[in-house]
Every structure is written in C-alpha cells, then in structure tokens.
Amino acid sequence: MIGLVLFILGTQIAGIKFKKLRPSAFLATAVKLLIIPAMSLALLMLFNVDDVVAQAIFISTALPSSVNSSVIAQQYSDDPEYAAEIVMMSTIFSAVTVPIIIFIALNVF
C-alpha cells in the first residue's frame with residue numbers, strides 16, 4: 001500500500017512545473033514547518049510539559065506534510081497537484097528545519 005501511495009505522489013510531483021510553484025504553497029510550508037512548531041513550543045511551556053513527552057510533541061509538530069494529504073486530495077479531486085507541491089516543499093525544507101527543531105527540543109526540555 002505504501003508503495004502505491006508513493007507512486008501516486010511521484011506522478012503528481014512529476015507534473016509540477018517548478019517555475020510555477022504557487023506562493024500559497026510556500027506560505028503553507030512556512031506555517032507547517034515554522035509557525036506550528038513555534039505555537040506548540042509556547043503551549044508546551046505554558047502547560048509545563050517536560051522531558052521526553054515535550055520533546056516528542058515538539059519534534060512531531062515540525063515534521064513535513066504527510067503523503068496522505070496528497071492521496072486524499074487525489075481521491076476527492078480537490079487539487080492534488082497543490083497538495084503534492086506542499087508535500088514536496090515541506091519535505092525539502094524540513095531537511096533544514098527539523099535539525100534546528102531537534103536542537104531546540106534537546107536544549108529547552
């Protein structure tokens with residue numbers, strides 16, 4: 001099943017023209033990789049969650065968008081190319097953001 005999902009995502013990404021990436025996809029990626037983790041950090045500190053639980057929650061909020069979003073968009077014919085753009089961009093940019101988030105998690109909690 002996972003192979004099929006990745007195949008579907010690959011065919012969607014293959015059709016993306018990199019000169020025409022939507023600005024809203026960049027915004028969605030920034031929200032997913034930066035704003036949501038910042039909000040979760042604030043909430044974790046507000047509710048005084050500590051140790052491994054806080055680290056796990058904080059790091060998981062910074063992970064890239066799931067392939068499932070692309071499959072669901074494909075299933076319901078709701079702009080699957082846009083979902084594939086967001087998955088692709090969040091995966092690429094997470095190579096930079098996730099190590100930073102892990103560093104923050106290890107030093108804050």
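Where is the place of D79?

1. D79 sits in the loop between α4 (67-75) and α5. The model is a predicted one, and the points below should be read with that in mind.

2. The backbone at D79 deserves a look. Its phi is positive, about 55 degrees, although D79 is not a glycine. Most residues other than glycine have a negative phi. The relative accessibility of D79 is 31%, so the residue counts as partly exposed, because that class lies between the cut-offs of 20% and 50%.

3. Next, the packing of two helices. Two packed helices are described by the angle between their axes and the distance between the axes. For helix α3 (residues 51-61) and helix α5 (residues 80-108), the axes come within 9 Å and cross at roughly 160 degrees. That angle makes α3 roughly antiparallel to α5, because angles over 145 degrees fall in that class. The crossing of the pair is right-handed.

4. Which residues make the contact of α3 and α5? From α3 come Q55, F58 and I59, and from α5 come I101, I102, I104, A105 and L106. By type, the residues of this contact comprise 7 nonpolar and 1 polar, with no charged residue.

Note on methods
Residues numbered from 1 in each chain as written. Predicted model: local features only at pLDDT ≥ 70, side-chain atom pairs only at ≥ 80, totals over all residues. Heavy atoms only, no water. Axes fitted to C-alpha atoms, helices over the stretch in contact; angles between N-to-C directions. Helix = DSSP H or I, 4+ residues; strand = E, 2+ residues; numbered from the N terminus. Parallel < 35°, antiparallel > 145°, perpendicular 65-115°, else oblique. Left-handed = near helix turned anticlockwise from the far one by under 90°. Contact = heavy atoms within 4.5 Å. Nonpolar A, V, L, I, M, F, W, Y, C, P; charged D, E, K, R; others polar. Buried < 20%, exposed > 50% of the residue type's maximum accessible area, 1.4 Å probe, protein only.
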